[in-house]
Amino acid sequence: MQDALPEESSFNDEDRRFDVGVTDSRRAMAYLVAPGSDEYIRIMTVLESSVTDLTPAEISVAVLASGPPMSEKQVQVRLDKLKSWTAATGRSDPSRIRRHSDILSRNWRWTATPAGRQVHRFYTTVLASTPTMREIPLSSLGRIVESLESLGPALVLEPRDDRPIAELVGRVFTSHDDLDAALVGAEDALAGLADRFDLDRDATAELKGLLVDYATQVAGELEQGAALAYKVLSKLRPFFGELAMVSVSGSQARALIERGALAASKGGQVGDWEGLASWCDPQTGRSSRFALRLVRALPGMHANLRRLHSSAGYATGRSRALMLARACADPKHGTAIFLAAVGDHKWRKFSGEADDEDLPGNPPWRAGPTVAVPDLLRTTGKTGARGRPPAARDDSEARAALQAKRAQRLQEHREALREVLATPHGQMLSPRAARAALNALMAAVRTGVQAGRRDRRSATHEGLSCTLFHTGAGTGAVIAPTWRVLLPGRVPVFHRPGQRPAAPVETRPDPAARPTVAMKGAA
């Protein structure tokens, strides 16, 4: 009885320190972070894997297979806490009641609640072990593109059958979830490796393999497939609401979804389709961010490769110091090696041993005889490679010349910008002004159309902004003395950054992902 008091006191102290403030289904997760969580997890593992209800005595016997023994009283206290957290439930067995003691809690039969089973299965499948990164399923991307391409013809059939459309919608979002989960896992693994500088040989080789494989195959395939899916989604954008309605109407729980009792699966809301389009966006989507992360990881991999290469040989001071440290760690010869390397040895002159014969066996070098250093050696030591470093070279003149060239280039660039802004559209520009206008124009061509205004796209390059309006007729042009750039159906307008230009003529929505640009020689 005396042995049980400290155990019970420790349980009470833990209960007072750990307080669960929520009252909803989140209480079922409290045992994962509570004091003594290892014991709670062992008990929940036994309850979740058992097909019948168990008594505390049976549980205390079953937990022996997964760790140190637990007394029946200890199991009973843990079960009471699990019941208060809605992770386990216990009840008396009417068929076994023979006396009053059979209805006490120590004779109850326990099992895990549905919420407790879900929480514990999530813990054992996701949290208990380190998740292994799986390959990126490019076949799922292919299914997304094929299903989206099949949705367009299915929507315009007469009479229209909503059943295959609902199946295509479900296939699209199921494949998207599979692809997105794998891509996020690969991106996290890549970020964890790329953000480290102290990688060993195996981890550096793993990072190199990830970068080479993904950069040459997966990233390219992913970018092309996402661009195709985005192109098809752009055509289906007017039908997003209709597709959501078809997805809900084809569900077996349509009545419950319409009453708000259940949430529709993915594809049953317009926001799901907008999110899918954002995911596939070639400029800001998941594929472009993944490719950008690949590029950012390359310098880290190169730095680790250079560090490993420089530290692998025996000629570096770091490798020599590490070899000496490993040799000094030897239990038998370590002390002798350390004294031989850094000990206080007998003093020696340049020409040999000292002339004094009465010196002790191992005198310190400060107490040894002095040696006269010749004047030439002393002079060379003061001014040579081992002496004082030479004075820094005076490069103020070169710095001033470089600064003057930079100021001149900046002034010429400002004059070119003023010329571009002052020259009407279609007029010839000077070579420098034409190059500045071309850079701003190509930046606008590479960007996407604006979200609120589908008839234009705008970008800024080195202090000059260009807005490209889609007119559907005519040809815009940037003309230089030796070349000209033509833009069929579009008109470029150059302006200062931050200004909103007015459309020169009537415009219409731009359907193309990238405008067509033609460059020709002088007319």
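**Nonpolar cores, a strand pair and a helix contact**

The largest nonpolar core of this predicted model comprises 37 residues, a nonpolar core being a set of buried Ala, Val, Leu, Ile, Met, Phe, Trp, Tyr and Cys residues joined through side-chain atoms within 4.5 Å. Buried means under 20% relative accessible area (1.4 Å probe, protein chains only). The residues with the most contacts inside this core are Leu148, Leu151, Ile165, Leu233, Trp273 and Phe290. At least two of its residues come from each of α6 (138–155), α7 (162–194), α8 (201–236), α9 (240–249), α11 (270–280) and α12 (286–312). Another core, of 26 residues, lies apart from it and includes Val20, Ile43, Leu47 and Trp110.

The model is predicted, with local features requiring pLDDT of at least 70 and side-chain atom pairs pLDDT 80 or more, while totals for chains, interfaces and linings use all residues. Residues are numbered from 1 along each chain as its sequence is written, and side-chain values use heavy atoms, without hydrogens or water.

Helices (H or I, at least four residues) and strands (E, at least two) are DSSP runs, numbered from the N terminus. Strand β1 (residues 88–91) pairs with β2 in the antiparallel sense over 4 bridges; pairing requires at least two DSSP bridges. Glycine 90 is opposite tryptophan 110 of β2. In β2 (residues 109–112), Arg109 and Thr111 point one way and Trp110 and Ala112 the other, and all are buried.

Helices α16 (residues 396–422) and α17 (residues 431–446) pack at about 75 degrees with axes 8 Å apart; axes are lines fitted to C-alpha atoms over the stretch in contact, and angles run from 0 to 180 degrees between N-to-C directions. The two helices, α16 and α17, are therefore roughly perpendicular (65 to 115 degrees). Contact (heavy atoms within 4.5 Å) involves residues including Glu412 and His413 of α16 and Arg432 and Ala433 of α17.

Key
Parallel < 35°, antiparallel > 145°, perpendicular 65-115°, else oblique. Buried < 20%, exposed > 50% of the residue type's maximum accessible area, 1.4 Å probe, protein only.
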